[in-house]
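Subject: Structure for your review

Dear colleague,

Please find the structure below, together with its sequence. My notes on what was found in it follow.

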Amino acid sequence: LELPFPESDEAAACDAVYDGAAELRPVGVGTIARLFYFSLALSAWKQQGDSRWALRVNPSSGNLHPTEAYLVAGVVPDCSKGPAVFHYAPDVHGLEHRAELDTALPEGVMLIVLTSIHWREAWKYGERAYRYCQHDAGHALAAIRLSAGLLGWSVRLLTAAPRRDLAALV
């Protein structure tokens, strides 16, 4: 599912993000598109000679971006008719439908599950890769928090969720 790109005039005042005064936006394909665009999307392409590489809106050690994001949501107008799991694809700014779920989330709740692909860091950084993956996940989490704040949404870090359950889910 290709997500729409936000209009350039949709920026909120920075103060509204930090003081929680941003207008509360309803969940829909447009707001989910904004959430991912302002937190994990590609922001530009650079080129030097024959080499070309993408830049993202969130920082990453070595620009290797080991962090992947999955959205677990209930009914999202123009996106899903029921609870589902999606993978965010920054290269196309889209959601890849991965699974339908039998169990619904509570009203107004979505999960964004962050995972790391360690080999993206390990080939370059060796033993430091694990630490860098954690660092990059923290950057992604902060970017998601700020992006959600633009929508008047709040973000809560779940630390007690069983890893096996999350791995099976995504």
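Which residues does Leu-71 touch, not counting residues up to four places away in sequence? Under that condition, Leu-71 touches Ile-32, Phe-36, Ala-84, Val-85, Phe-86, Leu-95, Met-110, Leu-111 and Ile-112, where contact means heavy atoms within 4.5 Å.

This is a predicted model, in which local features need pLDDT of at least 70 and side-chain atom pairs count only at pLDDT 80 or more, while totals for chains, interfaces and linings use all residues. Residues are numbered from 1 along each chain as its sequence is written, and side-chain values use heavy atoms, with hydrogens and water left out.

Leu-71 is also among the residues with the most contacts inside the largest nonpolar core, along with Phe-36, Leu-40, Tyr-88 and Leu-95; this core has 22 residues. A nonpolar core is a set of buried Ala, Val, Leu, Ile, Met, Phe, Trp, Tyr and Cys residues joined through side-chain atoms within 4.5 Å; buried means under 20% relative accessible area, with a 1.4 Å probe and protein chains only. Two or more residues come from each of helix 2 (29-40), strand 3 (67-73), strand 4 (84-89) and helix 4 (129-150). Helix 2 gives the most, with six residues. Helices (H or I, at least four residues) and strands (E, at least two) are DSSP runs, numbered from the N terminus.

Two histidines deserve mention. His-65, in the loop between strand 2 (51-56) and strand 3, has a positive phi of about 45° although it is not a glycine. His-65 is buried, at 7% relative accessible area. His-93, in the loop between strand 4 and strand 5 (94-100), likewise has a positive phi of about 45° without being a glycine. His-93 is buried, at 1%.

Kind regards

Note on methods
Buried means under 20% relative accessible area, exposed over 50%, partly exposed in between (1.4 Å probe, protein chains only).
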